[in-house]
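Work through the exercises below with the sequence and the coordinates open. Try each task before reading its solution.

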Amino acid sequence: GSFGRAARTPGGATTQRAQRAVAMPTTQAELTDASYRAMPCFHCLGPNDPAIYCCCRPACEGFVNSCLLPFLGSACGKCLIANCFGPIYHCCDKIQSRDEYASDRPAGVDSAKAVVVLTIRPVKDVEAYKAAFAPWAAQVQDSTPGVRAFFSFMDKKDDKMCLQVAWYDTPEVLAGIAKDPAVEACYCDNDKATGAVWGNRSEVARAALADSGVSYEYGSLPRGFVKNAPHPGFDSSLYPGPPMIWMSKRWVQPGCNPKIAKAFDKVGELQYYTAPAFLSAFEYSADTNPDQLWSLRFFNDYEMGMVAHFPKTLLSYVPTRVLFTMIPNLKGGLGAEFPVALCFSTKKDIDMSIAYNAGNKAYDQHYWEDVIGPLPDMGKGMASPPPTGPSPKNMRRSDDLGMGSPSNLSNLPML
C-alpha cells in the first residue's frame, strides 16, 4: 500500500519494496536493538513505515517546521487538506480496506491487557495525604508484580486536588489492590472526584473501580493500543526511564468523534511499530460531552517514543496521515484545545518536547522530582535488571547518545 504501511506477504515478511533499505529492521527485537537505537537519525524506524531521514534530520525537520507546518496552518493549506489531501487519503483507505482493521490485531483495542487509570480527586489536608499515600504507593508497586506505575501529584491548578496515575498489567491486578484506610481518610466526601480509564476496560476493571467514590468515564468508540509486557518497549536496559506520560481531555470538531476515531486507529497501526518505546496511544469519546475525547500517550523514551511517534520527515507516512486525517477533526486544529491536559516527565524531556512541538506547552507540567510515591518501573519483571531508582536528573537520556537536538519552530499539540 502507498498510504500507510508496507505490503506484507501472508507469512508476514515485508516485500522487496519495503526491504530495499538494507538497514531496515524486520522484527520487534531488531527495532529495539541497542545499536540500532543509538543511530543518529532513525535511518529506518520499522517494517510498517520507513520513516527515513536519509542522514539529513536537521534539513527534514527544518523543512517541516519552517515550510510545511506554516503552510498547512494557512487558509490555503486548510483548503487543500479539506478538499484534496484529506479526501485522497480517505479514498485510498476505502480502496485498500483500511476501514476494516480487526480490533484484535496487535495495535487493536482488544489486544490490550493492561489498564491505565487517571484519578482526579480532592483531599482534606495535602500534607496528611502525601504522608499517607507515598509509603502505601511504594509498598503496592514494590510488592505487586503487575503494577508498573502507582504515583501521585498535586494539581497545578488546584492544590487541594490530587492526581493519581496507575498502570496495571491486567484488570485482575487492579482488582487485587486493597485500599489503605489512612489514604482513604484523606479524601473529601463530595462529587468532584473524576477519572479516566484506558486500555482493558473490562467488567473486572469497572467492578474494581466502582466502589472508589470516583466517577470514572469509560465513554465510547475506544481506539488505539496498549502494548503488553514483556514487549521490548518496556526493556529498562534499552529505555531506562522514567517514562513521559501525557493525559488529556480535548475538544474535537462538532460531531467529528467518529471520524477522528477511524483516523486515529489508522495512525496507531503505524505508530505501534515505528515507535518501539511508545507503550500506549489510546483514546475514547467522553461520557460528559460528545465533542470531547480522553487521550493517553505513554512514552518510555524521548527519542524512540515521543519523537519516533511523529518523525518530522515526509518520507514517513505518519506525519502526513496525522496532518491530513486527524488534525482537521480537532477543535483548534494545530492548536488543540484541552479542558484537561497533564504531562508527567523529567523537566528535560518536557522542555525538549515543547521545543520539538510548541503546542505541548498547553499541558500542565509535573516533574518527577516532585512525585508523591515511587517512580514508575516499566521494566519490572523483564529479563534485564530494572532501574535502581537514580534521581531523574541523573538519568541517561537518548540525546546523550548523539541523537541530535530538537528543532523549535513547530506548534503542534501532542498527537
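The model is predicted.

**Exercise 1. Is Phe151 buried or exposed, and what about Phe344?**

Step 1. Take the cut-off: buried means under 20% relative accessible area.
Step 2. Phe151 has 1% relative accessibility, so Phe151 counts as buried.
Step 3. Phe344 has 0%, so Phe344 is buried too.

**Exercise 2. Classify the aromatic pair Phe85 and Phe324, and locate both rings.**

Step 1. The structure holds 22 aromatic pairs.
Step 2. In the pair of Phe85 and Phe324, the centres are 4.8 Å apart and the planes make an angle of 25°.
Step 3. Planes under 30 degrees apart count as stacked, and this pair is stacked.
Step 4. Phe85 belongs to helix α4 (residues 75-95) and Phe324 to helix α11 (residues 317-326). The pair links distant parts of the chain, 239 residues apart.
Step 5. Phe85 is partly exposed, at 26% relative accessible area. Phe324, at 12%, counts as buried.

**Exercise 3. Do the classification again for Phe151 and Phe344.**

Step 1. Centre to centre, the rings of Phe151 and Phe344 are 5.5 Å apart, with 70° between the planes.
Step 2. An angle over 60 degrees counts as edge-to-face, and that is the class of this pair.
Step 3. Phe151 lies in strand β2 (residues 147-154) and Phe344 in strand β10 (residues 340-345), 193 residues apart.

**Exercise 4. Describe strand β1: which way do its side chains point, and which strands pair with it?**

Step 1. In a regular strand, side chains alternate between the two faces of the sheet.
Step 2. Val115, Val117, Thr119 and Arg121 point one way from β1. Val116, Leu118, Ile120 and Pro122 point the other way.
Step 3. β1 (residues 115-122) is mostly covered, with eight of its eight residues buried.
Step 4. Strand β3 (residues 161-168) runs antiparallel to β1, joined by eight bridges. Val115 stands opposite Tyr168 in β3.
Step 5. Strand β4 (residues 194-199) also pairs with β1 in the antiparallel sense, over six bridges. Here Ile120 stands opposite Thr194.

Terms used:
Residues numbered from 1 in each chain as written. Predicted model: local features only at pLDDT ≥ 70, side-chain atom pairs only at ≥ 80, totals over all residues. Heavy atoms only, no water. Buried < 20%, exposed > 50% of the residue type's maximum accessible area, 1.4 Å probe, protein only. Helix = DSSP H or I, 4+ residues; strand = E, 2+ residues; numbered from the N terminus. Pairing = 2+ DSSP bridges. Phe/Tyr/Trp six-rings, centres within 6.5 Å; stacked < 30°, edge-to-face > 60°.
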